[in-house]
Amino acid sequence: MTGTSGELRRRVRELLAEWDFTPRCDAWMSGYDPAFSQELGRRGLLAVTWPKEFGGAEGSNVDRLAVSEELLRAGAPVTAHWVGERQLGPSLLRHGTRELQEEFCPGLARAEYRFALGMSEPDAGSDLAAVRTTAVREGDGWRVNGRKIWTSGAHRATHLYLLARTSKEEDKHAGLTEFVLDMDSPGITLSPILDLRGEHHFNETVLEDVHVPGHRVIGRIGAGWQQVVGQLSFERGGPERYLSTYPLLAAVVRAGIADDIALGELRALAGRLTILRRWALETALAMDAGHTPVARAAMSKYLGNSFERDVIEWARPLLPHADRSVRALYDQAVTASPAFGLRGGAAQVMLSVIAKGRK
Ligand SMILES: Cc1cc2nc3c(=O)[nH]c(=O)nc-3n(C[C@H](O)[C@H](O)[C@H](O)COP(=O)(O)OP(=O)(O)OC[C@H]3O[C@@H](n4cnc5c(N)ncnc54)[C@H](O)[C@@H]3O)c2cc1C
């Protein structure tokens with residue numbers, strides 16, 4: 001770890017000690033506190049890798065990993081900035097025009113904008129190349145029609161990242177284009193989809209004749225697939241793929257309720273966590289070197305998700321000795337767990353990406 005990363009960890013812990021929040025499992029999906037996200041921005045703890053002119057600190061992906069790990073370990077409320085800071089900013093910095101970078105990156109670094117991801121559709125989840133939403137040229141802009149599903153946080157978002165088909169090609173990976181939409185554009189209708197806890201994070205997003213200005217295209221028209229594959233390293237290779245249930249693990253340890261059997265199993269879990277952290281570090285180093293380690297990120301996600309589920313199994317027999325706060329963490333973990341192997345790409349698909357070593 002670099003000196004800078006250690007310093008960043010200290011600064012995150014400082015803020016966490018000052019902030020009033022209840023730790024949550026799966027906090028990056030369901031811990032929503034825009035004021036907290038903005039405070040992170042004010043303290044220079046967001047957009048760590050971005051250029052200074054766009055509100056960043058010109059640090060490394062290893063530095064960013066340090067910040068993310070500290071936040072997730074603590075179960076801090078990070079949902080408001082997570083997708084925008086993790087995916088959209090880096091994607092705009094990589095592929096966006098100067099105009100788009102200036103329009104969005106400083107605001108994302110301050111957590112003023114909240115992005116939702118409009119990728120999945122009823123028949124296009126793991127297989128994003130099956131996207132059917134269309135964007136057709138209209139004057140100097142585009143007219144969008146289609147239906148997106150599982151759009152997390154769209155009801156609180158200021159903007160939507162959209163993957164749409166701009167031409168019909170024989171190769172289904174061709175003809176896709178990325179856009180940025182304002183959520184208050186006429187023609188966008190949201191319907192809530194409640195999760196197992198009965199909470200509202202997901203939405204169905206219907207797009208009917210939505211006008212998108214021409215300058216809101218990210219990168220090259222028709223190159224959406226290649227660009228989105230790069231984005232997936234950011235989405236799959238981070239610590240949110242192994243730390244979603246960490247607050248439960250930590251709470252059980254702190255409560256002192258682990259018996260000898262559980263302590264033995266805990267050593268095995270700790271060993272696995274060490275390996276997962278090492279891989280996240282290697283993914284961050286590869287990204288710092290300018291690579292898009294898609295297969296490695298898929299491997300981290302696949303094994304990270306099984307670690308997250310095994311933490312729940314480990315905690316289960318100890319529940320009779322647990323207090324209310326540990327039980328609350330356990331309930332959050334259990335109800336979130338069916339999603340672990342699906343979100344960001346289904347487990348079998350990760351195995352297929354790993355097997356192919358696909359770029
Ligand atoms: C908590 C959560 C949050 C999400 N947030 C968002 C969001 O904000 N924006 C967004 O766009 N999407 C979001 N999604 C959608 C998510 O990315 C998709 O659910 C995911 O990509 C899987 O797609 P699917 O649901 O269509 O399932 P499918 O891909 O259809 O998979 C269904 C089953 O078929 C299997 N399968 C599919 N393809 C293959 C294959 N090639 N080989 C072997 N088996 C296969 C899968 O393993 C799975 O068991 C979210 C999902 C969850 C659970």
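**Ligand surroundings, a hairpin and a helix pair**

A nitrogen atom of the ligand lies 3.1 Å from a polar backbone atom of W150, a polar contact being a pair of N or O atoms within 3.5 Å. The model is predicted, and local features need pLDDT of at least 70, side-chain atom pairs count only at pLDDT 80 or more, and totals for chains, interfaces and linings use all residues. Residues are numbered from 1 along each chain as its sequence is written, and side-chain values use heavy atoms, leaving out hydrogens and water.

An N or O atom in the side chain of S152 is 2.7 Å from a nitrogen atom of the ligand, while a polar side-chain atom of S126 sits 2.6 Å from a ligand oxygen atom. The protein buries 65% of the 960 Å² that the ligand exposes when taken alone (Shrake-Rupley method, 1.4 Å probe).

Turning to the strands, β2 (residues 134–138) and β3 (residues 141–148) run antiparallel and are joined by five bridges; strands are DSSP runs of E with at least two residues, helices runs of H or I with at least four, and pairing takes at least two DSSP bridges. E138 stands opposite G141 in β3. The two strands form a hairpin with two residues between them, and G139 in the turn has a positive phi of about 60°.

How do two packed helices get described? By the angle between their axes and the distance between the axes. The axes of α4 (residues 61–73) and α9 (residues 260–288) come within 8 Å and cross at roughly 145° (lines fitted to C-alpha atoms over the stretch in contact, with angles from 0 to 180 degrees between N-to-C directions).

Note on methods
Polar contact = N/O pair within 3.5 Å; in protein donor to acceptor, adjacent residues only side chain to side chain.
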